[in-house]
Amino acid sequence: MSEDRMERRGTIGVLLSNLGTPEQPTAPAVRRYLREFLSDRRVVALPPWLWLPVLNGIILQVRPRRSARLYEGVWTPEGSPLLVTAQRQLQAVRAHFAADERLVFALGMRYGSPSIPAALAELRAAGAERLLVVPLYPQYSSATTASTFDAVAGMLEGWIRVPELRMVADYHAEPWYIRALADSIREAWRQQPAAERLLFSFHGMPSKTRQQGDPYYDQCQRTARLVAAELGLEEDRWLATFQSRFGYAEWLQPYTDQTLRAWGGSNVASVDVVCPGFSADCLETLEEIAVMNRELFVEASGGRFRYIPALNERADHIEGIAELIRRQTQGW
């Protein structure tokens, strides 16, 4: 497409992005996905000479088979839950802007398919001379949000004409986001009474990232506080914890699994768990929380356990994402 045509159209490209998923719940597909994911220096900051032999010689030989079995347990007839939901989110957000012909949308996962390079190529072919990047991570983290920005910037290096660029860093305290989380919890409570305790489980990060200035921990805590306040919960009714740690280094604490095991051991009658760091349900919520951590809690003598789903394609979630896009594209 010629640059003259791009200027006439004034098209705005909107890239929605999430982490990604294997293409199939098989060991080879998971191996390809993990190789890309765990080779990212934002995810594992060890020197390549130290990390790559471990990754290729041990992790990629052992972990894919086990992870494939876990993925198989959450796979749907349509495919990966994360990808299916992300595609529905894309369609719903696009529908919000059906009357605005200047906006074109694409979905690009940081790892796997559809990829960020493919999504950017799609937006470029549509004539986008301005680009808004919307990583669907409510809380900023170097390992997720910044990695997405790296991937976008890396692709733009090869473009003769680089589009005007804006990026959403986070939306951890946006009023619409807090209301949507609180409303999703209230809806669960209307179906079945509120549990004795509400656990906010966020994806873990190495503790050193906080020491290096990553705001992720503080943003997670603020999200949890704001939702708890919206719900009118006393401090002894809720807690923010961190899941999915990997390796032997210290990660952000308290840990989700240890907390649930301790609560079960102290005979907590019921627990509701919500995962506000995930904009779409995925392996880490549907299997790690709803299955594995449920078992930890119950086996430790805990009572009722309920996982409250991610916001996924809820109408208030989609409207909130659309609000972000409207605000960020003002003046364009």
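Q: Which elements do the buried residues of α12 pack against?

A: The model is predicted: local features need pLDDT of at least 70, side-chain atom pairs count only at pLDDT 80 or more, and totals for chains, interfaces and linings use all residues. Residues are numbered from 1 along each chain as its sequence is written, and side-chain values use heavy atoms, with hydrogens and water left out.

The buried residues of α12 pack against β1, α4, β3, β5 and α7 (175-191). Contact means heavy atoms within 4.5 Å. Helices (H or I, at least four residues) and strands (E, at least two) are DSSP runs, numbered from the N terminus.

Buried in α12 are His317, Ile318, Gly320, Ile321, Ala322, Leu324 and Ile325. Buried means under 20% relative accessible area, with a 1.4 Å probe and protein chains only.

Now the sheet. Its 4 strands form an open, parallel arrangement in the order β3-β1-β5-β6. Two strands pair if DSSP finds at least two bridges between them. β3 (103-107) and β6 (164-167) are the edges; each has a single partner strand, so one side of each lacks a neighbour in the sheet. β5 (residues 128-135) pairs with β6 in the parallel sense over 4 bridges. Leu132 has Arg166 in β6 as its bridge partner.

Helix α4 (residues 81-96) also packs on the sheet, touching β1 (11-17) and β3.

Technical notes
Axes are lines fitted to C-alpha atoms, for helices over the stretch in contact, and angles run from 0 to 180 degrees between N-to-C directions. Buried means under 20% relative accessible area, exposed over 50%, partly exposed in between (1.4 Å probe, protein chains only).
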